[in-house]
Amino acid sequence: MTELQLYVFDCLYLVLTTAVAVLTRAPSRRIVGALAGATACGPAGLGIVVFAESAGWWHFAITWKPYFLALMWIGVILWASVFLLTWRIARRFGDRGLAVLLVAIAVLGPFRDSWFLRRFPEWGYYAPGIAPMLAISGAYVLLGIIGHGTMRLVAGPAAADALARWPWKRA
């Protein structure tokens with residue numbers, strides 16, 4: 001992945017997170033919680049990448065310079081839109097809804113990631129076999145638990161939070 005691609009993805013994630021924050025009518029406490037959840041995923045995700053690379057399950061073309069890693073972490077922080085959506089799922093469907101979402105992510109995640117690496121082979125590759133796919137599934141589940149759990153610690157449980165009005169509607 002190049003520096004320019006990271007800038008583009010960071011901008012796209014910023015727009016997406018802003019749009020999701022508006023559409024989900026998230027108050028500032030929930031937005032801060034989502035950002036905190038995504039921030040917690042950065043070091044965990046990097047640890048997963050390092051562990052899986054040392055196990056030989058995959059290789060990513062990452063420049064291990066602090067500036068490049070900081071750009072990657074900013075992109076991860078801007079994934080806060082994911083945790084704003086998990087909060088809404090938890091609000092509507094409870095813990096069962098989150099469990100179904102985690103199972104869906106565990107199943108679909110390896111297909112999504114494999115598609116990306118086929119589309120952009122210069123980003124890296126996965127080793128053959130089932131172990132890399134199981135590692136991807138486990139990584140998605142672990143990051144979902146860490147991110148949503150951190151968001152819950154900061155913003156409180158979803159069921160206890162009232163939905164806000166649309167910004168353009170008066171009380």
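Author: In this predicted model, the radius of gyration is taken over C-alpha atoms, and the globule rule is 2.2 Å times the number of residues to the power 0.38.

Reader: What makes the radius of gyration of the protein chain agree with that of a compact globule?

Author: For 171 residues the rule gives a value near 16 Å, and the protein chain has 17 Å; therefore the two agree. Along the principal axes, the C-alpha atoms fill a box of roughly 55 × 35 × 25 Å.

Reader: Why is a set of residues here called a nonpolar core?

Author: The name applies because its members are buried residues of nonpolar types such as Ala, Leu and Phe, joined through side-chain atoms within 4.5 Å. The largest such core has 33 residues, and among those touching the most other members are Ala34, Trp58, Phe60 and Tyr126. Helices H1, H2, H3, H4 and H5 and strand S1 each supply at least two of its residues.

Reader: Which residues is Tyr126 in contact with, leaving aside its neighbours within four places in sequence?

Author: Contact means heavy atoms within 4.5 Å. The partners of Tyr126 include Trp57, Trp58, Phe60, Leu117, Pro132 and Ile136.

Reader: What share of the protein chain is called buried?

Author: Residues under 20% relative accessible area count as buried, and these make up 35% of the 171 residues.

Key:
Residues are numbered from 1 along each chain as its sequence is written. This is a predicted model: local features need pLDDT of at least 70, side-chain atom pairs count only at pLDDT 80 or more; totals for chains, interfaces and linings use all residues. Side-chain values use heavy atoms; hydrogens and water are left out. Buried means under 20% relative accessible area, exposed over 50%, partly exposed in between (1.4 Å probe, protein chains only). Helices (H or I, at least four residues) and strands (E, at least two) are DSSP runs, numbered from the N terminus.
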